[in-house]
Every structure is written in structure tokens, then in C-alpha cells.
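User: Can you walk me through this one? I'd like to start with the core.

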Amino acid sequence: NEDAGQLSIVDLATGNVVRSVPVGGEPEGVRLTPDGKVVYVTSEGDHAGSVVDGRGRGVLGSIDVGWGPRDSIFTADGSRAFVSAEHGGSVAVVDVAKSEVVATIALPPASLPMGLALSPDEQRLYVANGRAGTVSVIDVAAASVVANVRVGARPWGVGLTSDGKYLYTANGPSNDVSVIDTASLNVVATVRVGKTPWGVAVGPPPREP
């Protein structure tokens, strides 16, 4: 809840808010660790990530992750997290066990990083660069940008197919979704959608008949 500075926990069966946890100022992105024990909440106003107990019992700590954090994502084993810092133009690499930043990856000039997606093999991190109109591709092992792909206007949310072959970006001002072939790193389709899309989610692959 950005204006209230709170994280709400909702009972999915009833739709009721069962608990609210005060976090940092202007909370934006919410991510749960794979084991469900910790929640990261990016606090844009505090330029930090709040570390919240997975059961909502309170804030365990705070991590300085860069100027204007927006989103975070965890590796499958939960040992590392990546956090985008919009106004810092960077991505912080966090050691989850220690709750500390172990590396900072600088993005190209004018990048304003928003949404994040991690490839299934965890070798690539995709970063939507907002008003820059691009997606940066990061080599995780090298902690460096290896490519930039031009997409629609102000990409924010991103979604990756389960096989890692296609990346989708929600482009707010252009009212569309860009589809990137991750092998060639070319935009292979642009899909018109409703007005001002900010998020995208990719479902599981279809079942065999």
C-alpha cells in the first residue's frame, strides 16, 4: 500500500485483510522467498528493501539497495536476490542470508530499471528500463549488461515463459506488449492491449492432450 506505507496480508479464501505490517515509505514491489519465510518489499521513499517475516509478524530488517527501488526477484534456492533501483540506474545483488548487497550492476545511461525476470537456468536477468524504452539483458555470472533491446514506451512489468524462450514487456504509454525472442533478442511481435498496461503474468505451459 504505497500511500499508507504498509504491507497487507490477504486471506485468499475470504478476500479479507488479516494483517497489515508497517514497512518503509512508498512500498512498491513485493516478492516472497522460495521457502516462504521472508518477503522483500521495495520502499521507494526510503531507498531500501524491507525484509518482512513471511507470516507477517513484523519487519526483520532493512537493506540499502539503491535510489528508488522498484522490484526484486530471488534465485530458485533463495540465496540471492536482485533488486532494481530506478533512479540509481542499477541492480543490486543481495546475499539473502546476510541481508547485504554484495554487488551493484550499473545499467546503460538513462536506464530507469523497473520490473525483473530471471531465466530458468538463472544465467540471464532481464530488466525493464522504464522511460528508456529498453530491456537490458544481464549476464548473471559476469554481473554485466550484455545486450539492450528496444521495446515499447516505458516498459514496466515483465514476464518470461516457463521455457525461457519469450519475454513479454508491458508498455504503459504505448498501450501494448512487446514479445522478445530471447535467443535472437529481437522483438518478434507487438500486441495491442488495453490502456496503460503496467504488469504482465505468464501462466504455466498448456497440458498435453
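Analyst: The largest nonpolar core has 13 residues, and A117, Y126, V135, L167 and I180 touch the most other members. Such a core is a set of buried Ala, Val, Leu, Ile, Met, Phe, Trp, Tyr and Cys residues joined through side-chain atoms within 4.5 Å; buried means under 20% relative accessible area with a 1.4 Å probe, protein chains only.

User: Which elements give two or more residues to this core?

Analyst: Those are β12 (124-128), β13 (134-139), β14 (144-150) and β15 (155-160). Strands are DSSP runs of E, at least two residues, numbered from the N terminus.

User: What is A117 in contact with, leaving aside neighbours within four places in sequence?

Analyst: A117 is in contact (heavy atoms within 4.5 Å) with I73, R124, L125, Y126, V158, L160 and L167.

User: Is this predicted or experimental, and how are things counted?

Analyst: This is a predicted model, where local features need pLDDT of at least 70 and side-chain atom pairs pLDDT 80 or more, while totals for chains, interfaces and linings use all residues. Residues are numbered from 1 along each chain as its sequence is written, and side-chain values use heavy atoms, without hydrogens and water.

User: OK, the whole chain. How many helices and strands?

Analyst: The protein chain has zero helices and 18 strands. Of its 209 residues, 47% count as buried.

User: And the box?

Analyst: The C-alpha atoms fill roughly 45 × 40 × 35 Å along the principal axes.

User: How far apart do contacts reach in sequence?

Analyst: Among contacts between residues at least 6 apart, 33% join residues at least 24 apart.

Note on methods
Helix = DSSP H or I, 4+ residues; strand = E, 2+ residues; numbered from the N terminus. Buried < 20%, exposed > 50% of the residue type's maximum accessible area, 1.4 Å probe, protein only.
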